[in-house]
Amino acid sequence: EGRTGFVREEIIKRWLRLFNYDNNIFVNILYIDIDKLDKSLFGDETNKSNILNKFFRTLIDYGVKCFFSNYEHICIDNIFYDKKDELERHYFFNNENMHRVEYNSNGKISFVGKIIFIDSDHKRENKFPEESQVIQFIDLLIGAVRHNIFYIAKDKLKTRLSLLIRSKLSKI
């Protein structure tokens, strides 16, 4: 692990510093405690996909309003999503979510592409390795945010790395 661990740590530090200092990275964080959610409001209480559908649309809609409100029209080419078996097979997630976002935006948002499920491991993802690395970056940010809020691991390295974004989290 020695040298490999050091290299991985340096990459993580660079990515977290990029998040801290690059003003062109727009982040919208929504935490949902599923245990406290009234699942009956989403149809089938055993189907977590219905909940994910709703909050997926909420994140897109809010992100567009928050970060791109100066634009009259937003065109989304494709959305890259980490492979999740239940969502890949979910008809509504793949075929209806973006139509509903478009409809609810009153013409402000158009979606011309599709939701593309890719492997978050860029070494296994053949078609979209660069987009796969973006998903790794997002996973890293989610983990660092969760650790800052909930202290999810007692690992000193994870704590030290997560703290690199603490000041930016305080601002957002």
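Residues are numbered from 1 along each chain as its sequence is written. In this predicted model, local features need pLDDT of at least 70 and side-chain atom pairs count only at pLDDT 80 or more, while totals for chains, interfaces and linings use all residues; side-chain values use heavy atoms, with hydrogens and water left out.

Me: Why is Glu-131 called partly exposed?
Reply: Its relative accessible area is 27%. Buried means under 20%, exposed over 50%, and partly exposed in between (1.4 Å probe, protein chains only), so Glu-131 is partly exposed.

Me: Why does Tyr-71 count as exposed?
Reply: Tyr-71 has 51% relative accessibility, and therefore counts as exposed.

Me: What makes the pair of Phe-56 and Phe-93 tilted?
Reply: Rings of Phe, Tyr and Trp (its six-membered ring) pair if their centres lie within 6.5 Å; planes under 30 degrees apart count as stacked, over 60 as edge-to-face and the rest as tilted. Here the centres are 4.7 Å apart and the planes stand at 45 degrees, so the pair is tilted.

Me: Why is the pair of Phe-68 and Tyr-71 also described as tilted?
Reply: The ring centres are 6.3 Å apart and the planes lie at 50 degrees, so this pair is tilted.

Me: What makes Lys-168 lie over the face of Phe-19?
Reply: A charge sits over a ring if NZ of Lys or CZ of Arg is within 6 Å of the ring centre and within 35 degrees of the ring normal. Lys-168 lies over the face of Phe-19, at 4.8 Å from the ring centre.
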